[in-house]
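My entries follow in the order I made them.

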Amino acid sequence: MKLIVGLGNPGENYKNTRHNIGFIILDYLAKCKDIKFDKKKFNSEYTITYINNEKNILVKPNTFMNLSGESVRKFMNYYDIKKDDLLVVYDDLDTKLANFKLKNKGRSGGHRGIKNIIENINSTEFNRLKIGIGRPTNKIDIKDYVLGKFSRIELEELKNIFDKSISCIEDFSKLSFLELMNKYN
């Protein structure tokens, strides 16, 4: 069983913001697979689906970004999910817009959602799909930038990686993470 967690903030105010790319990717996957986030548990919206004949739990924590780890830990404990079977999808300032990178360990890089997951599962070793949002080109504050909405042009650029991200998530069910990184990085 795999646990796929998309990070973001709940509510209309945060819809289509850079910080919500994890939610956006999981919503796109749900749309492609014609599934709905129709369940609630551990302060999260979630659904259970099969990808490549393996059960996958797709989770969008509603704890707000900085407390995402609480939901992740509860799902991992309840369903007895191992760290190797966890994939966290989130925004990354240090990756160019419309690119992504797979990583299987490391510190938070200043991302508070990842920091909270590390604290809650007591490990820096878990799988990540980092979606590039790039850094602001002007002197805008980082907090305002990540909580800002994508422009129409940025959304068009991002569409190019939506299908690749979905393929990557689907392959997570059938490939080792090293094979996955070799294929997509």
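**Salt bridges**

I looked up Lys115 and Glu119 and found that their side chains form a salt bridge, with N and O 3.9 Å apart. I count a salt bridge when a side-chain nitrogen of Lys or Arg is within 4 Å of a carboxyl oxygen of Asp or Glu. The model is predicted: local features need pLDDT of at least 70, side-chain atom pairs count only at pLDDT 80 or more, and totals for chains, interfaces and linings use all residues. Residues are numbered from 1 along each chain as its sequence is written, and side-chain values use heavy atoms, with hydrogens and water left out.

Lys115 and Glu119 are about one helical turn apart, because they sit 4 residues from each other in helix α3 (residues 112–121). I take helices (H or I, at least four residues) and strands (E, at least two) as DSSP runs, numbered from the N terminus. Lys115 is partly exposed at 44% relative accessibility, and Glu119 is partly exposed at 48%. My classes are buried under 20% relative accessible area, exposed over 50%, and partly exposed in between (1.4 Å probe, protein chains only).

I searched the whole structure and got 12 salt bridges. Lys60 pairs with Asp27, the closest N and O atoms being 2.6 Å apart. Lys60 is in strand β4 (residues 54–61) and Asp27 in helix α1, so this pair ties together parts 33 residues apart in sequence. Lys60 is buried at 8%, whereas Asp27 is partly exposed at 35%.

I then checked Asp92, which forms a salt bridge with Lys130 at 4.0 Å between the closest N and O atoms. Asp92 lies in strand β5 (residues 86–92) and Lys130 in strand β7 (residues 127–132), distant parts of the chain 38 residues apart. Asp92 is buried at 11%, and Lys130 is buried at 12%.

**Ser71**

Which side chain does that of Ser71 meet in a polar contact? I found the side chain of Ser44, at 3.1 Å. A polar contact is a pair of N or O atoms within 3.5 Å; within protein, one must be able to donate a hydrogen and the other to accept it, and residues adjacent in sequence count only if both atoms are side-chain atoms. A polar side-chain atom of Ser71 also lies 2.7 Å from the backbone oxygen of Phe42. Ser71 is in helix α2 (residues 68–79) and is buried at 0%.

**His19**

I noted that UniProt lists His19 under "active site" in an unreviewed entry; such annotations may be inferred rather than shown by experiment. His19 lies in the loop between β1 (2–6) and α1 (21–33) and is buried at 12%.
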